[in-house]
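Please open the structure in your viewer and keep the selection tool at hand.

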Amino acid sequence: MQTSAPAPVVKAVIPAAGLGTRFLPATKATPKEMLPVVDKPAIQYVVEEAAAAGLSDVLMITGRNKRALEDHFDRAHELESVLEAKNDHERLALVRRSSTLATVHYARQGDPLGLGHAVLAAASHVGSHPFAVLLGDDLIDPRDPLLSRMIEVRERHGGSVVALTEVPRERAHLYGCAVVGPKTEEDVLRVTGLVEKPAPGTAPSGYAVIGRYVLDPAVFGVLRRTAPGRGGEIQLTDALHELATTGAGGPVHGVVFRGRRYDTGDRADYLRATVRLACERADIGPEFRAWLKEFAATELS
């Protein structure tokens, strides 16, 4: 346990430099982060999550052809004027919301050398402060505030915190996996090591890392000397393994998440996420669920 209170977490980093090749041709000219999930781009769900956790300073790590991200989180004065003239206050509020969620900054990753390299691109903006990293492929339901819980664990224990989910051991090789010690709380484990996509049958546990991190700034020093790992990329998992095994920057803990999570990382899961979220919407859910039941009964029988 820390004897003094750790520094507060106020900044979020969202890596958004990927090419989105699994969604071609839709992502030929449109960033994958701007693909809609129902009627909001996926990236807006992520920024909303950061803002809900009290993180009003957001840095997006982008690459070429990502201008649409900046436009989306900027004011759209012409569109707003048209909606105001029509007294369409409902849509006006929706348009303005994305530009008022947080103060959003942008940095270019440059070479696509992996998640660790993307996080390192945030070093000058983050400085010596702890920060959160949110990956856009994992959408976390706002009714299950994972990030707030992780920040709470960081405030209690210091160091870094990763989000974990339990997966079948035979599928653990598809993820970054945690070497874990005893539970410190019902949903909190001490992490003593991490392995990026271990060989089948060699996973150290069934706890897989998902796309939420709260990191001590000591990770930057480790990333600067981390050699490319699996896939020829600089793996954030490798840097976190060093933090966990050496204690640099404090301990590493894992929060086990058992809530609602929507994976938009591949086409089938993206479609499932859209259907689930549409079904739960108060405005379109009842009508959509009725149609879905009829469709399933007539087309899938």
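Are Phe131 and Phe220 buried or exposed? Select the two residues and display the surface around them: both Phe131 and Phe220 are buried. Please bear in mind throughout that this is a predicted model.

**First stop: aromatic pairs**

Keep Phe131 and Phe220 selected and show their side chains. The structure holds 4 aromatic pairs, and these two residues form a stacked one, because their ring centres are 5.1 Å apart and their planes stand at 5 degrees. Planes under 30 degrees apart count as stacked. Now colour strand E6 (residues 131-134), which contains Phe131, and helix H8 (residues 218-224), which contains Phe220; the pair therefore ties together parts that are 89 residues apart in sequence.

Next, select Trp291 and Phe295. Their ring centres are 5.1 Å apart and their planes are at 20 degrees, so this pair is stacked as well. Both residues belong to helix H11 (residues 285-299), where they are 4 residues apart, about one turn of the helix.

**Second stop: a charge over a ring**

Select Lys40 and Tyr45. The charged end of Lys40 sits over the ring of Tyr45, at 4.3 Å from the ring centre.

Pro41 has a relative accessible area of 10% and is buried, because buried means under 20%. Which residues does Pro41 contact, leaving aside its neighbours within four places in sequence? They are Glu33, Met34, Leu35, Pro36 and His72. For a distance exercise, select the C-alpha atoms of Pro41 and Pro31: these residues are 10 residues apart along the chain, and the two atoms are separated by 10.0 Å.

Select residues 42-52, which make up helix H1. This helix is mostly covered, with 9 of its 11 residues buried. Among the buried residues are Ile43, Tyr45, Val46 and Val47; Gln44, Glu48 and Glu49 are also on the list. Then select Gly54, which follows H1 and has a positive phi, near 90 degrees.

**Fourth stop: backbone geometry**

Most residues other than glycine have a negative phi, and most peptide bonds are trans.

Select Leu24 and Pro25. The peptide bond from Leu24 to Pro25 is cis, with omega near 10 degrees. Pro25 is located in the loop between strand E1 (11-15) and strand E2 (36-37).

Select Val38 next. Although Val38 is not a glycine, its phi is positive, about 65 degrees. Val38 is found in the loop between E2 and E3 and is partly exposed, with a relative accessible area of 23%.

Finally, select Asn65. Asn65 is not a glycine either, yet it has a positive phi of about 60 degrees. Its position is in the loop between strand E4 (57-62) and helix H2 (67-72). With a relative accessible area of 61%, Asn65 is exposed.

Colour helix H3 (residues 77-85) and helix H4 (residues 89-100) in separate colours. At what angle do H3 and H4 pack? The angle is about 160 degrees, and the axes are 9 Å apart. H3 is therefore roughly antiparallel to H4, since angles over 145 degrees count as such. The crossing of H3 and H4 is left-handed. Show the side chains where they meet: Leu79, Glu80, Leu83 and Glu84 in H3 face Arg91, Leu92, Val95 and Arg96 in H4.

**Last stop: Thr237**

Select Thr237, in helix H9 (residues 236-246). Thr237 counts as buried, at 9% relative accessibility. Not counting residues up to four places away in sequence, Thr237 touches Leu194, Val195 and Glu196.

Methods
Residues are numbered from 1 along each chain as its sequence is written. This is a predicted model: local features need pLDDT of at least 70, side-chain atom pairs count only at pLDDT 80 or more; totals for chains, interfaces and linings use all residues. Side-chain values use heavy atoms; hydrogens and water are left out. Rings of Phe, Tyr and Trp (its six-membered ring) pair if their centres lie within 6.5 Å; planes under 30 degrees apart count as stacked, over 60 as edge-to-face and the rest as tilted. Helices (H or I, at least four residues) and strands (E, at least two) are DSSP runs, numbered from the N terminus. Buried means under 20% relative accessible area, exposed over 50%, partly exposed in between (1.4 Å probe, protein chains only). A charge sits over a ring if NZ of Lys or CZ of Arg is within 6 Å of the ring centre and within 35 degrees of the ring normal. Axes are lines fitted to C-alpha atoms, for helices over the stretch in contact, and angles run from 0 to 180 degrees between N-to-C directions. Angles under 35 degrees count as roughly parallel, over 145 as roughly antiparallel, 65 to 115 as roughly perpendicular and the rest as oblique. A crossing is left-handed if the near helix is turned anticlockwise from the far one by less than a right angle, and right-handed if clockwise. Contact means heavy atoms within 4.5 Å.
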